[in-house]
Amino acid sequence: MKVPKSLEALVRDGLVDEVIRPLKSGKEAAVYVVLSEGAVRCAKVYKEANKRGFHKQVLYREGRTVRNSRQARAMEKGTRFGRKEQEEVWQNAEVDALYRLAAAGVRVPQPYHFLEGVLLMELITDEDGVAAPRLNDLDLNGELALQYHDQLIREVVKMLCAGLVHGDLSEFNVLVDAQGPVIIDLPQAIDAAANNHAPRMLERDVGNLALYFGQFAPELLSTSYGKEIWHLYESGKLTPESKLTGHFKGRNLEADLESILREINDARDEALARKHVD
């Protein structure tokens, strides 16, 4: 196919040998299947901020570092320069998260290069070698739902042990290959130690998983993995091998539940809106 303008720089620099086909186009990015360094990979092209739909960035920006005070002031004022700088920070957050999580053994696409707003990374495929489906596109039974839920909870734990919370985890940003779930879409990933919203974001992520898989395995609807995981993390006891029960009796559990459910519903509505434009 004709090389999109957004990929011309990577072709010119020899990072992309051929653009094979479009894979996906959403509000945040367009993804292409490409031949890169002799391997079939995908190229994620980030869209301009005014064309994207993820509008609650302020919750995710807390704790993110910027180069200097001039950049910080411009971002705070929302100037043209500030918006450009914020966009760069937003894109770099996903790149940094992918490298960090891949090194920690989390099941995410392996990143390879990032140039001029384009991220080259591993193409996740199914057992037939074609692009892997998203979790929400699969038909599950109770047994498989429990298996995938357990795998994803383990990935959430490994992410937190690496210091990160996904912040927007749901069935819409999980791919499934022959070995199970792979987590994608991380521009909103937050630093668990630097962002005051981290506990709520973690509970929302885990709550999204419980609600989705609970359709097939209703016993998951009464679990509270999020609170249990955060409690272990906060007390310095969380490891990738931590034994979880799925139950945690903490203070203000009932009061917190209503706000967490509202967060989950808001996130789900936003994810559905993005899905409709893919």
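I started with contacts (heavy atoms within 4.5 Å): among those in the chain between residues at least 6 apart in sequence, 63% join residues at least 24 apart. The model is predicted, so I kept its limits in mind: local features need pLDDT of at least 70, side-chain atom pairs count only at pLDDT 80 or more, and totals for chains, interfaces and linings use all residues. Residues are numbered from 1 along each chain as its sequence is written, and side-chain values use heavy atoms, without hydrogens and water.

Next I checked burial (under 20% relative accessible area is buried, over 50% exposed, in between partly exposed; 1.4 Å probe, protein chains only). Of 278 residues, 49% are buried.

In α6, 13 of the 16 residues are buried, so the helix is largely enclosed by the rest of the structure.

I turned to aromatic pairs (Phe, Tyr and Trp rings, the six-membered one for Trp, with centres within 6.5 Å; planes under 30 degrees apart are stacked, over 60 edge-to-face, the rest tilted). I found 4. Tyr 46 and Phe 114 have ring centres 6.2 Å apart and planes at 85 degrees, so they are edge-to-face. Tyr 46 lies in strand β3 and Phe 114 in strand β4, so the pair ties together parts 68 residues apart in sequence. Tyr 46 is buried at 10%; Phe 114 is partly exposed at 27%.

Last, I noted that ring pairs link Tyr 212, Phe 213 and Phe 216 into a cluster. Tyr 212 is buried at 6%, and Phe 213 is buried at 1%.

Conventions. Helices (H or I, at least four residues) and strands (E, at least two) are DSSP runs, numbered from the N terminus.
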